[in-house]
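Subject: Structure handover

Hi,

Here is the structure I promised to pass on. Could you take a look when you have a moment?

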Amino acid sequence: MGQIRVPLCRPFIGEEEIEAVAEVLRSGWLSSGPKVEEFERMFAEYVGAQHAIATSSCTASLHLSLVALGIGEGDEVITSPFTYTATAEAIISSGAAPVFADIDPETLNILPEEIERKVTPKTKAIMPVHIAGYPCRMGEIYDIAERFGLFVVSDAAHAISTEYEGVKIGAMKDLNCFSFYATKNVTTGEGGMITVQDGELASRLRLMRLHGIDRPTWARRRSGRRWYYEVVERGFKYNMSDIQAAIGIRQMEKLNWMQRRREEIARIYAEELGSIDLIRLPSEPERGRHSWHLYIIQLDERLDRDEFIARMAEKGVECGVHFIPLHLHPYYRKRFGLKPGDFPNAEGAFRRVVTLPLFPGMSDEDVGYVVESVKSVINHMTAG
Ligand SMILES: Cc1ncc(COP(=O)(O)O)c(C=O)c1O
């Protein structure tokens, strides 16, 4: 492997985030406080949600959402096998069982018709994952949810700016869970957010996020008996700190610019790589907006995916693979009796996918270098 010239991803952090963290550190209030409240307000406004609840991660958000909905032991939640393990891990943590439904080989998103085939009397929720930021077919998914009386909990880790039919994922019912992990479109280092339209559910999530305590420390600071609180719900330690939220606030201020830059880079890739027969480029959603969290291309079966990645690495371009389908991992195979062949579309996609670098701080020169490297590697692999 050569030296990395263009990494897969780099967080877009400037002096403003560093200053914001320093300000919190000097303030004397480090845990959940005014910065978390401000970040939640900004997030809710951006996605058009009624309520936003900041958490420690998307994994925590997904888990908390299921528990708050009363989902647990003996229940089933339908999700995609083509995702990061966090999705199904959250379902398992709730006590419910993940039930996988195969994906559309083009968009890499869960297929509504496969979801419907997997519904049983034990099914309580659908957890669609908007892979790379491409919106799932939410109209059909909500239709299935309504017919069978199921909740929809979106894994929107990649989908902060994603829209379906003009509506951002965060504005949809029932619950939507976001990630601010270091590589995400908005980062707080680690962190997450749940958006919800129902006020009662929002209050329950707020309670459960911090030990089930009725009035968290920040809310008690001006009351007479500051030390008094009551535990009124089952709780978790899933809150976000003001240090993280301060970073998030600065990131939200830059989000429109960062999103436009992602779109610009995706457009350059499409223009420059579109004529290569042996590559299928990610498509633009017909009925929505892509957040371009990841730029996932699919190689023709005649090309060896691993060799392509190794040759790109020799040129200093770091590529990724999103994702290794969950049913191929030893834990899921053992625990749920899954095996290769169970989800042919997910497996076929896995053999072909390569994620190219895409992040707002990429210069035009970086983008050009990735394009040239792809062309040169493909030429090399097809020569003779
Ligand atoms: C699809 C998906 N869901 C959930 C997560 C988990 O996010 P977090 O690291 O914030 O828990 C990730 C993280 O990469 C992800 O890609």
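Below is what turned up around the ligand, in the pocket and in the cavities.

Some housekeeping to begin with. This is a predicted model, where local features need pLDDT of at least 70 and side-chain atom pairs count only at pLDDT 80 or more, while totals for chains, interfaces and linings use all residues. Residues are numbered from 1 along each chain as its sequence is written, and side-chain values use heavy atoms, with hydrogens and water left out.

**The ligand**

There are 16 residues around the ligand, and T59, D155, H158, S179 and K184 come nearest (near means a heavy atom within 4 Å). Helix 3 (58-68) and helix 4 (85-94) each give at least two residues to this shell; helices here are DSSP runs of H or I with at least four residues, strands are E runs of at least two, and both are numbered from the N terminus. By type, the shell splits into 7 nonpolar, 7 polar and 2 charged residues (Tyr, Cys and Pro are among the nonpolar ones, Asp, Glu, Lys and Arg are charged, and Gly goes with the polar ones).

Now the polar contacts (N or O pairs within 3.5 Å). H158 has a polar side-chain atom 2.8 Å from a ligand oxygen. For S179, a side-chain N or O atom sits 2.7 Å from an oxygen of the ligand, and for K184 a side-chain N or O atom is likewise 2.7 Å from a ligand oxygen. The protein covers 92% of the 400 Å² of accessible area that the ligand has on its own (Shrake-Rupley, 1.4 Å probe).

**The pocket**

Where does the ligand sit? It takes up the space of the largest pocket (more than half of its atoms lie within 2 Å of the grid points). A pocket is an open set of points on a 1 Å grid over the protein atoms alone, with protein on both sides within 12 Å along at least five of seven lines; a cavity is a set where a 1.4 Å probe fits but cannot get out, and lining residues have an atom within 4 Å of a point.

The largest pocket holds about 570 Å³ (the space filled by probe spheres set on the points). Its lining has 29 residues, with Y84, H158, Y181, T183 and K184 nearest the centre. Helix 3, helix 4 and strand 13 (353-356) each give two or more of them.

**The cavities**

The whole structure has 3 cavities of 30 Å³ or more. The largest cavity is about 120 Å³, and among its 14 lining residues E106, T107, L108, P282 and I296 are closest to its centre.

Cheers

Key:
Polar contact = N/O pair within 3.5 Å; in protein donor to acceptor, adjacent residues only side chain to side chain.
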